[in-house]
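Please keep the sequence and the model in view while reading.

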Amino acid sequence: MKERFGVTPELLKKNFIEIYGDGIGTSADIGTGAGEIRMFASPARINIIGEHIDYNGGKVFPAAIDKYLYCAIRKRNDTKIVYNDLFFDGTYTFNINDDFKFDPANDYANFLNGIMSCMKKRGCHFDCGFDCLIASNVPSAGGISSSSALECGFAWAVSETFGFNISRKDIALMGQQSEHEFMNVNCGIMDQYIIATGKKNTAELLDCAKIEHEYVPLNLGDYRFIVMNTKKKRRLADSKYNERRAQCEEGLATLKAAAINLTADKCSANAHGKITNTKDLPDLCSLTPAQFEECKSAIKDDVILRRVRHCVTEMDRVLQAVEALKANNLQELGRLLYASHNSLRDDYEVTGLELDTLVDVASKQDGCIGARMTGAGFGGCAIALVHKDKTEQFIQNVQKEYTKVVGYEGGFFACSSGDGVREI
């Protein structure tokens, strides 16, 4: 990997011409002027609140942010596809007629070929190849979805360049399909969806089961979100994701088998109808906190009980967070962030020393009104809501204390909301 630096669209275009030529040459190896250079941007994302409930029938509350991956693309007059990245070594060359397969030797090109595979399965016809140059200001493996930014940004660029007119929702679904079928990662839809459909100055209340969303104004006033990266090395397997899913499924099965009557007027309007008996529960997030209190005695295993409690209370916190933002009540939003982290730490047990240290130290800083881990956990990132005049001091103080506790530095940056994938 090459040394990173700040990327602008202008810089990317300059490098594109240096690598592929200005389009007036005749050599197929440097580009042939088959089309104009087109530039696209794809954002990173944060999930404000709503963790580990997307696979339990819950809703999540992400926002696109102003850290972007850029993609420059130009049609060729032959059938070659050529990929380059400003920060990752290697030129990868394929043919538009290839039967794209995953190959570890192809490194980042696998994410791009996964999208190509999905497009060809959709019946998209390519009349020529293309040159592509990628560069990103999104920290890789930083917990703010660099891979989804790559997939969706590339998919949008190809769709627009070749006139496929694929909808934003379908771009998101294609990114997820690529992960499932090509990369063999059983991810949810949140990351791809917010990156494809996000709008500046809003967050999205996303129903992952129905794949429907509502835009909610994200008016933070004098406050900014700061992303705090633990920089802990981890693998997806380390998150015990499958174990948590299995525990939630066991909890739901236990409640359904118990067939306990529930008070209908304690049922949330956001639940699946009026659930009056646990045997009818479609998922854990259909339970309100009040209904959970009525039926929790059926769960004898304390671990399973705590997993279920997190799902129920986190879903409630998402709905409260939406109302807090609509009411411009940032203090309440901050309180909910802390409550979410405590639940992820104590009931869901997916935090760990690094994330807990970041949130604990952040909570003691002047100007910080809320913080929590975000993402799968066991590393990755946390977010903090901090007054804009205190961000520099906040980062210095948290960095110092974090390094003292864990033995190495974290990564920090302030961000604002951003738009979803778009042409520049």
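Contact here means heavy atoms within 4.5 Å. The model is predicted: local features need pLDDT of at least 70, side-chain atom pairs count only at pLDDT 80 or more, and totals for chains, interfaces and linings use all residues. Residues are numbered from 1 along each chain as its sequence is written, and side-chain values use heavy atoms, with hydrogens and water left out.

Helices (DSSP H or I, at least four residues) and strands (DSSP E, at least two) are numbered from the N terminus. Four strands form an open antiparallel sheet in the order S9-S10-S8-S11, where pairing requires at least two DSSP bridges between two strands. Strands S9 (368-374) and S11 (411-415) are at the edges with a single partner each, so one side of each has no neighbour in the sheet. From one strand to the next, the twist averages 20 degrees; axes are lines fitted to C-alpha atoms, for helices over the stretch in contact, and angles run from 0 to 180 degrees between N-to-C directions. S9 pairs with S10 (residues 381-387) over 6 bridges, and methionine 373 has alanine 382 in S10 as its bridge partner.

Across S8 (223-229), S9 and S10 lies helix H9 (residues 330-346), at about 35 degrees to S9. Histidine 341 belongs to this helix. Its relative accessible area is 1%, which means that it is buried (under 20%; exposed is over 50%, partly exposed in between; 1.4 Å probe, protein chains only). Leaving aside residues up to four places away in sequence, histidine 341 touches Thr351, Leu355, Asp356, Val359, Ala371, Arg372 and Met373. With the side chain of aspartate 356, the side chain of histidine 341 makes a polar contact at 2.9 Å; such a contact is a pair of N or O atoms within 3.5 Å, where, within protein, one must be able to donate a hydrogen and the other to accept it, and residues adjacent in sequence count only if both atoms are side-chain atoms.
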